[in-house]
Amino acid sequence: MSKIRVRFAPSPTGPLHIGGVRTALYNYLFARKNGGDLVLRIEDTDSSRFVPGAEEYIIESFRWLGIRFDEGVGIGGDYGPYRQSERRGIYKAYVDQLLREGHAYIAFDTHEELERKRAEVENFQYGAATRMQMRNSLSLPPDTVERLMAEGQGYVVRFLVEPGEDVVVDDLIRGKVTINSTVLDDKVLYKSADELPTYHLANIVDDHLMGISHVIRGEEWLPSAPLHVLLYRAFGWQDTMPRFAHLPLLLKPVGNGKLSKRDGDKLGFPVFPLEWHDPVTGEVSHGYREQGYLPEAVLNFLALLGWNPGGDREIMSMDEMISLFDLAGCSKSGAKFDYVKAAWFNHQYLLLRPDEAWVPEFDALLRSKGIASTPEKEADVVRLMKQKVVEYDDGPFGKKKRNISFVSDLWPLTRFFFVAPREFDREDKFIRKNWTATSASEMQSLAQVLEAVTDFSAAGQKAVVDPWAEQGGFRPWNAWRICLVGAGQGPDMYELAAHLGKEETLRRMRYAIETLG
């Protein structure tokens with residue numbers, strides 16, 4: 001068996017969609033599982049849709065995600081160049097071969113002529129039923145064709161599809177898919193305007209020359225597969241034709257249809273791996289990296305959108321996903337994009353990190369609020385608060401609660417660690433219920449007890465305060481929380497006071513006693 005070789009071939013027409021990331025991930029898992037190679041090829045033959053910066057964005061996205069290619073753009077390899085725009089001389093030879101052997105023909109129809117035909121014929125398709133009505137090398141006399149070519153008339157090369165043949169695509173996910181060639185049109189393979197092939201020809205030629213053994217791509221490319229089978233046959237490459245595997249679509253979280261940027265904008269989640277600045281409109285689109293997602297969480301989440309490794313396990317390392325991956329476990333039906341589940345995955349991966357690993361991002365967050373702290377104190381805050389629940393805005397669905405899923409979630413839950421409460425909302429339900437007529441005197445007594453504590457660790461405080469509370473019949477915890485936090489939130493009170501230290505704890509208590517009375 002020849003070596004497994006797969007490719008991911010994005011077009012630099014804008015930011016990389018999260019669905020493209022999943023396709024690249026499945027190719028990566030398949031290659032690593034089978035000891036094969038993963039190639040990065042840039043399909044930039046459509047010069048009219050080229051967007052500056054898109055190629056660099058694609059490469060940076062995979063660098064952040066940790067998906068490593070074995071060869072391709074920016075890496076090199078034995079089958080380059082890997083940008084299709086740099087391979088035009090290669091493609092022209094294969095265009096000429098198809099023309100010479102009668103598998104393709106030259107068409108001179110202008111854009112205006114095609115539009116008139118579409119208006120005249122309902123559901124117009126350029127193919128066996130209509131090609132002789134058009135201006136091409138099959139319908140025109142040979143001398144006219146020669147003259148038009150000599151005059152430099154613009155043209156395209158179309159593939160000649162013979163009608164009435166059942167074309168079978170043997171798909172590793174969907175099984176045998178049969179499509180009759182009568183429904184296929186004569187696709188454009190080459191344009192004289194920019195001397196570049198279209199996707200259909202360049203894709204086939206490159207896959208063949210680069211020794212691609214499997215083409216794993218999105219379901220949206222399935223309608224193109226019969227044409228590609230016919231092209232392989234026309235070139236006589238049937239024996240080296242790669243195996244196809246068409247992945248299920250990523251679907252909208254709500255409603256029907258394919259996941260789009262509009263869904264993300266509406267519901268408040270990214271559909272791109274990195275933040276994207278549109279060079280034309282100036283529009284900024286959110287990215288998973290900038291929203292605080294960990295790359296390993298994104299990959300784990302995406303892997304399970306359309307693939308079932310068996311069992312109920314969800315959290316898997318990259319090595320585990322590689323060992324378990326099998327195209328047979330991929331679904332035929334689309335997968336709903338559960339953005340809430342994506343946040344859950346990020347929460348799980350954050351918890352797997354040591355507290356110290358949260359500090360760089362947490363420190364940057366604090367500094368943006370004008371707060372300077374120490375790495376040791378910040379790591380301690382993470383330890384105390386990382387299991388808490390945060391309220392968030394779920395777009396049209398209103399306020400909801402979830403576990404801390406991003407380091408940025410810490411700020412509203414931890415502000416009181418760094419900023420002492422200066423105002424107390426007497427209408428707040430927690431304060432109204434727990435600051436009673438006796439609270440001030442109890443807090444004064446507790447302050448005196450704490451003043452005498454020599455070991456101000458959580459255990460040291462507890463050893464002194466618990467007996468005092470039991471002996472006096474006090475339940476000071478909620479009133480104490482109001483003093484230190486200003487609200488009904490926060491960690492264990494002994495842990496909080498130990499973190500703040502004796503001096504700051506007593507300062508906050510005295511201020512609350514004086515303010516609340």
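**Close-up 1. Helix H16 meets helix H18.** In this predicted model, Ser439, Met443, Leu446 and Leu450 of H16 touch Ala479, Trp480 and Cys483 of H18 (contact means heavy atoms within 4.5 Å). These contact residues comprise 6 nonpolar, 1 polar and no charged (Ala, Val, Leu, Ile, Met, Phe, Trp, Tyr, Cys and Pro count as nonpolar, Asp, Glu, Lys and Arg as charged, and the others, Gly among them, as polar). H16 spans residues 439-451 and H18 residues 477-485; they pack at an angle of about 80°, with axes 10 Å apart (axes are lines fitted to C-alpha atoms, for helices over the stretch in contact, and angles run from 0 to 180 degrees between N-to-C directions). H16 and H18 are therefore roughly perpendicular, a term for angles of 65 to 115 degrees. Helices (H or I, at least four residues) and strands (E, at least two) are DSSP runs, numbered from the N terminus.

**Close-up 2. The nonpolar cores.** The largest nonpolar core holds 110 residues, and Phe337, Trp480, Leu484 and Met509 have the most contacts inside it. Helix H1 (residues 18-33) gives the largest share of this core, 9 residues. Apart from it lies another core, of 42 residues, including Tyr82 and Leu201. A nonpolar core is a set of buried Ala, Val, Leu, Ile, Met, Phe, Trp, Tyr and Cys residues joined through side-chain atoms within 4.5 Å; buried means under 20% relative accessible area (1.4 Å probe, protein chains only).

**Close-up 3. Around Phe337.** Not counting residues up to four places away in sequence, Phe337 touches several residues, among them Ile18, Leu250, Pro253, Phe269, Tyr288 and Phe301.

Close-up 4. S8 (residues 188-191) is joined to S9 by 2 bridges, and Tyr190 stands opposite Pro197 in S9.

**Close-up 5. The S6-S7 hairpin.** S6 (residues 166-171) and S7 (residues 175-180) pair in the antiparallel sense over 6 bridges. This hairpin has 3 residues between its strands, and Asp171 stands opposite Gly175 in S7.

**Reading notes.** Residues are numbered from 1 along each chain as its sequence is written, and side-chain values use heavy atoms, leaving out hydrogens and water. For this predicted model, local features need pLDDT of at least 70 and side-chain atom pairs count only at pLDDT 80 or more, while totals for chains, interfaces and linings use all residues.

Notes: Parallel < 35°, antiparallel > 145°, perpendicular 65-115°, else oblique. Buried < 20%, exposed > 50% of the residue type's maximum accessible area, 1.4 Å probe, protein only. Pairing = 2+ DSSP bridges.
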